[in-house]
Amino acid sequence: MGVHTGDSITVAPVQTITDKEYQRLRDAAVDIIREMGVECGGSNVQMAINPEDGAMPLLRLASKATGFPIAKMAAKLACGNTLDMIPNDITLKTPASFEPSIDYVVTKVPRFAFEKFPGAQPTLTTQMKSVGEESFQKAMRGLETGLDGWSLPRGWKRLSHEKLIYNMRVPNPERMLAIKQALEDGETLDAIYEYTKIDPWFLAQLGELHQTEQWLKTKKLSELSAEDMRQVKSRGFSDTQIARCLGSDMMAVRAARKELGVVPSMKRVDTCAAEFEAGTPYMYSSYDGECECEPTNNRKVLILGGGPNRIGQGIEFDYCCCHASFSLRDEGFETIMMNSNPETVSTDYDTSSRLYFEPLTVEDVLNVIEKERPEGIIVQFGGQTPLKLATALDKALTENPIPAASGNGNVRIWGTSPDAIDEAEDRDRWMALLKRLDIRQPEGGVATNEGEALAIANKLGYPVMVRPSYVLGGRAMEIVYSDADVHRYITTAVEVDPDRPVLVDKYLDRADELDVDALADKDGNVVICGIMQHIEQAGVHSGDSACSIPPQTISPECLATIREWTPKLAKALKVVGLINIQYAVQDNQVYIIEANPRASRTVPFVAKAIGRPLAAYASLLMSGKTLPELGFTEEPQLNHVAVKEAVLPFDKFAGADTLLGPEMRSTGEVMGIDTTFGKAYAKAAIAAGQRLPTSGSVFITMMDKYKEGVVPIAQDLQELGFNILATYNTAAHLRKAGLQNVQTVLKVQEGRPNAEDLIKNGDIQMMLITTAGDEADVRDGKELRRTALAHKVPIVTTLAAARATVEALKDMAKGELEQVPLQDYF
């Protein structure tokens, strides 16, 4: 107890309580529901058992874990049905009044994002922050944090004894790895129990896994018998884990394992512990018993999902996977979904024809391919997760072709080829392609060590943008201003070597950034779906920036260039399906930033803004259809404006600054749509949780280069009736520009009463702040922004967002915002 359920490792069914305790919990839950008067629907009751004395306090999981669709059943109950009237979709025989029972183990391990919020303590508490042996190891490798299972990852920096004990005592994201190191260091299970208070039964299972790994390290691949291999695999060890222990490689272990006849069985989730046969193909793999998957010889396609939700890769990609499944099923394909995330619609048992609940690794995907033998594999819709597997899968299928079950050729990756995906990702190949196509990009280079990074940065001139290659969500992306910043970045932010180079690019200061989504078919036809202008300027991650479709302030000449370059690039990469391209416009010059020949996180927004099912179109294009056949041959022209705004979780991470930058931090987004930009932005801002004020005082503090730009914004705010408060230099600049009645407010370090005091007293209703980045601002500015966040005072940290906010306030002042159904815009 003491760690939020969303941040806890959770196991079903219960493993360590007695049947008597289980029945007490069950009876108490029913009594509580009846006492509270819950007439129908679903309820979640959280209780605890004290292992010392059996005390059972009431604290106040499990639709996917049991295959029991709780929300669906609750909706039917709300319509007047009773449990015995509703059939169970999994067994097709039992009613919903038949309590779920499972004969397998499900382990849920949360994925965290503390690295996105410098300053926040990576400690798990009652505030949610996340984002069986075989089951446990699957969950660990399914996290996509560089783990092959419950083994210390490559490059693990061993903890000192004091830090190790601390990481076991205090719940944190790396607690399980601390336990693994402790076992390697010789700590006893009894000592680890005293540090962690994790139930001894669970620790005993972990101890057995550790002993198995230590035994493996004494063997060679040729020494393992079929029974040895079966025992190791039944404990959840991946082929990659086994290879590391044996000093071999994953594909060699795979080949040896198959030669020994050790292959996974595909089991069905049935909700009734095999008492009734499951009629729904909802599968998981196990090295125990007979195979139950019963594959067909129909035309099939395997869709790879996005794995765990995390900042930079979330439900936007799940949306794409679901629409691909729906559209291809309508076309007569049997769709096979493979994903490991229980929070997604893609892992609902009725989204696809067949579902495999498995980690997204080369080993696990090949296991499913060998069982099902689909015609195609779709890697475009799951974000970076399946893209990282594409090259290895393509190589495996080329070296060992697998005939499709339908008889239509061999299994292959559909859509844009893995080689073209690599051409867009590999810096050298990408630069050569742009040079060949005569497309302009910001100057930059690739560094494999600190010396090379410093040389490139000095040649380009500061500021520069530094980031690892092959990233999603702006992971470890930063704008740096000096040699000292480069040194700090290389030594603390990332690991750099020839296999993991760092990209160093000239930072385009005060440039407008744009996102373009386009569709391309096998015949080379390309259609732009939408051009989005970011409201925040270049340097703020696209996932954190509000954006508008159509663009509001980009010149016709620049838009013409973008419309020329987009199809040129898509054709050169031989894209089939979706491509997302990011551009920047500085001084009326267009630059290309990057291209991603896959679905991007903007696809759901653009699809709803233009009224077209883009993910469905892309999946049909990959199946062989053309854009003319789909009736989509021209860029849509809109008579309305759609604005996407990011939802940021800063209130969850005490100590983290609220400034936006190149590292993505948003955990969701909202959309506003209306006839004008101001109204659309107002709707989006309100939906994102911003309480836009209609009167009161606005506090303004700007670094020097933005002072001139904020003058018309301050003038508009005064005309709307707001009082203007500003720090000394900003106030002086506004008065010099002609503004009257500007009140000077002290900075935090200048004395009291200062801006922080005014926030606490309720005297500031909105803040416009840009940061100077100096030591005082890092200290006092951050504290000021955190205070505003705590008091729910809207904070605007970029000039572009300030302009957009003023446009919204102007339109709000003209009258009530009108609610119009989305369908009425098309």
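This is a predicted model: local features need pLDDT of at least 70, side-chain atom pairs count only at pLDDT 80 or more; totals for chains, interfaces and linings use all residues.
This note sets out numbered points on selected strands, helices and loops of the structure.

1. The neighbours of β6. Strands of a sheet pair through backbone hydrogen bonds, either parallel or antiparallel. Strand β5, residues 300-304, pairs with β6 in the parallel sense over 5 bridges. Within that pairing, Leu-304 has Met-338 of β6 as its bridge partner. Strand β7, residues 354-357, also runs parallel to β6, and the two are joined by 4 bridges. Here Asn-339 is partnered by Phe-357 in β7.

2. An open sheet of 5 strands. The strand order in this sheet is β23-β22-β21-β24-β25, and the pairing is parallel. Its edge strands are β23 (742-744) and β25 (795-796), each of which pairs on one side only. Strand β22, residues 723-726, pairs with β23 over 3 bridges in the parallel sense. Ala-726 has Thr-744 in β23 as its bridge partner.

3. A helix over that sheet. Helix α25, residues 728-736, lies across β21 (697-701), β22 and β23. The helix runs at about 160° to β23.

4. The packing of α14 on α15. Helix α14 (residues 384-399) packs on helix α15 (residues 418-425) at an angle of about 125°, and their axes are 9 Å apart. Because of that angle, α14 is oblique to α15. The crossing of α14 past α15 is left-handed.

5. The residues of that contact. From α14 come Gln-384, Leu-387, Ala-390, Thr-391 and Asp-394, which meet Pro-418, Ile-421 and Glu-425 in α15. By class, the residues of this contact divide into 4 nonpolar, 2 polar and 2 charged. An α-helix has 3.6 residues a turn, so residues three or four places apart point the same way.

6. Helix α21. This helix spans residues 614-622 and is mostly covered, with 9 of its 9 residues buried. Among the buried residues of α21 are Leu-614, Tyr-617, Ser-619 and Met-622. Gly-624 follows α21 and has a positive phi, near 120°.

7. Strand β19 and its partners. Of the 7 residues of β19, 6 are buried, and the strand is mostly covered. Strand β16, residues 547-549, runs antiparallel to β19 and is joined to β19 by 3 bridges. In that pairing the bridge partner of Ile-549 is Ala-642. Strand β20, residues 668-674, pairs with β19 in the antiparallel sense over 7 bridges. Val-643 stands opposite Gly-672 in β20.

8. Asn-639, in a loop. Is Asn-639 buried or exposed? Its relative accessibility is 75%, and therefore Asn-639 counts as exposed. The residue is placed in the loop between α22 (627-630) and β19 (641-647). Asn-639 and Asp-674 are 35 residues apart along the chain, and their C-alpha atoms are separated by 9.3 Å.

Technical notes. Residues are numbered from 1 along each chain as its sequence is written. Side-chain values use heavy atoms; hydrogens and water are left out. Two strands pair if DSSP finds at least two bridges between them. Contact means heavy atoms within 4.5 Å. Axes are lines fitted to C-alpha atoms, for helices over the stretch in contact, and angles run from 0 to 180 degrees between N-to-C directions. Buried means under 20% relative accessible area, exposed over 50%, partly exposed in between (1.4 Å probe, protein chains only). Angles under 35 degrees count as roughly parallel, over 145 as roughly antiparallel, 65 to 115 as roughly perpendicular and the rest as oblique. A crossing is left-handed if the near helix is turned anticlockwise from the far one by less than a right angle, and right-handed if clockwise. Ala, Val, Leu, Ile, Met, Phe, Trp, Tyr, Cys and Pro count as nonpolar, Asp, Glu, Lys and Arg as charged, and the others, Gly among them, as polar.
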